[in-house]
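Biologist: I have a model open and want to learn how to read its features. Where do we begin?

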Amino acid sequence: MTDDAGAALLGPSVYRQLRQLVLSGELEPGAPLSVPALASRLGVSRSPVREAVQQLIYEGLAVNVPHAGARVAVVDDAQIRNVLSVRAVLDGLAAAEAAARLTEADLEKLGALLAVQEENLRDIPDAARDTELDLEFHTSIRDCSGNHTLIGELARLEAQAHLYRGDLWTRNRNRHIAFREHRRIFEALECGHAIDARTAAEAHVHGLITRLDRR
Ligand SMILES: [Zn+2]
């Protein structure tokens with residue numbers, strides 16, 4: 001097997017592992033993404049790690065610092081507001097487009113995700129788990145929109161939002177409010193009501209901005 005063929009096989013999983021390390025905060029914002037060090041940490045060759053780092057840069061989860069190499073991106077107070085204000089509009093659009101296209105199976109999947117989120121609220125906040133569940137919920141909705149331009153843009157914005165290291169995601173009160181907002185989006189989608197779905201999705205992200213300001 002050539003190195004390239006190996007990279008093709010290993011690529012997606014190395015990328016997923018690296019993305020998880022970044023989103024869970026194990027690799028903190030600003031941490032160097034050294035290809036040799038990560039290759040030995042993950043027990044893989046350098047080529048898939050190099051590709052994964054490039055993918056993270058494309059997604060906005062990493063940045064290339066001249067003369068210093070790639071680092072995990074830092075999303076500060078100013079950036080998180082920019083990311084969320086754009087996300088509010090695009091999330092609204094995704095929910096409206098999804099409302100018109102959702103199947104019974106999609107709704108069942110979303111309902112099941114919501115149930116897992118509710119269950120998770122009983123546990124103490126776990127940033128990695130909460131991130132995973134939130135991303136899964138929003139990813140499922142935007143995938144239902146069938147709009148690939150939108151799906152690509154939102155995937156980046158949402159991942160970047162989770163790089164923010166304030167207590168926006170982990171504060172217990174915030175987790176409960178976010179869950180209720182998710183439920184309202186789901187109820188609008190269940191009714192197939194595009195305008196309500198857009199309003200609920202926008203309100204969720206505006207809620208995140210409000211909670212950011214209220215500290
Ligand atoms: Zn959410």
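Biologist: Which residues is Leu 150 in contact with, leaving aside its neighbours within four places in sequence?

Modeller: Contact means heavy atoms within 4.5 Å. With the neighbours within four places left out, Leu 150 is in contact with Leu 90, Leu 93, Ala 94, Glu 97 and Ser 145. Before we go on, note that this is a predicted model: local features need pLDDT of at least 70, side-chain atom pairs count only at pLDDT 80 or more, and totals for chains, interfaces and linings use all residues. Residues are numbered from 1 along each chain as its sequence is written, and side-chain values use heavy atoms, with hydrogens and water left out.

Biologist: Where is the place of Leu 150?

Modeller: Helices (H or I, at least four residues) and strands (E, at least two) are DSSP runs, numbered from the N terminus. Leu 150 sits in helix α7.

Biologist: Does Leu 150 count as buried or exposed?

Modeller: Buried means under 20% relative accessible area, exposed over 50%, partly exposed in between (1.4 Å probe, protein chains only). Leu 150 has 5% relative accessibility, so it counts as buried. Its C-alpha atom is 21 Å from that of Gly 207, 57 residues apart along the chain.

Biologist: What about Leu 154: buried or exposed?

Modeller: Buried, because its relative accessibility is 0%. Leu 154 is also in helix α7. Residues up to four places away aside, Leu 154 touches Arg 87, Leu 90, Asp 91, Ala 94 and Arg 142. Its C-alpha atom and that of Pro 125 are separated by 25 Å, at 29 residues apart along the chain.

Biologist: And Gln 160: buried or exposed?

Modeller: Gln 160 counts as buried, because its relative accessibility is 17%. Helix α7 holds this residue. Beyond neighbours within four places, Gln 160 is in contact with Glu 59, Gly 60, Leu 61, Val 75 and Val 83.

Biologist: How many residues does the largest nonpolar core have?

Modeller: The general idea comes first. In soluble globular proteins, nonpolar side chains tend to be buried together. A nonpolar core is a set of buried Ala, Val, Leu, Ile, Met, Phe, Trp, Tyr and Cys residues joined through side-chain atoms within 4.5 Å. The largest one here has 44 residues. Leu 18, Leu 27, Leu 33, Val 49, Leu 56 and Leu 84 have the most contacts inside it.

Biologist: Which elements give two or more residues to this core?

Modeller: They are α1 (3-23), α2 (35-42), α3 (46-59), β2 (69-72), α4 (77-101), α7 (148-161) and α9 (194-213). The core draws at least three residues from each of domain 1 (3-72) and domain 2 (77-213). A second, separate core has 20 residues, including Ala 99, Leu 102, Leu 121 and Ile 141.

Biologist: Which residues is Val 49 in contact with?

Modeller: Neighbours within four places aside, they are Val 14, Val 35, Leu 38, Ala 39 and Val 44.

Biologist: How should I read the two domains?

Modeller: Domain bounds come from an automatic or database domain assignment. The centres of domain 1 and domain 2, taken over C-alpha atoms, are 26 Å apart. Twelve residues of domain 1 are in contact with ten residues of domain 2.

Biologist: What lies over the face of Tyr 58?

Modeller: A charge sits over a ring if NZ of Lys or CZ of Arg is within 6 Å of the ring centre and within 35 degrees of the ring normal. Here Arg 156 lies over the face of Tyr 58, at 4.7 Å from the ring centre. The two residues are 98 apart in sequence and 8.3 Å apart in space, C-alpha to C-alpha. Tyr 58 is in helix α3. Tyr 58 is exposed, because its relative accessible area is 55%.

Biologist: Which residues does Thr 131 touch?

Modeller: Leu 23 and His 162, not counting residues up to four places away in sequence. Thr 131 lies in helix α6 (residues 127-145). Its relative accessible area is 7%, so Thr 131 is buried.
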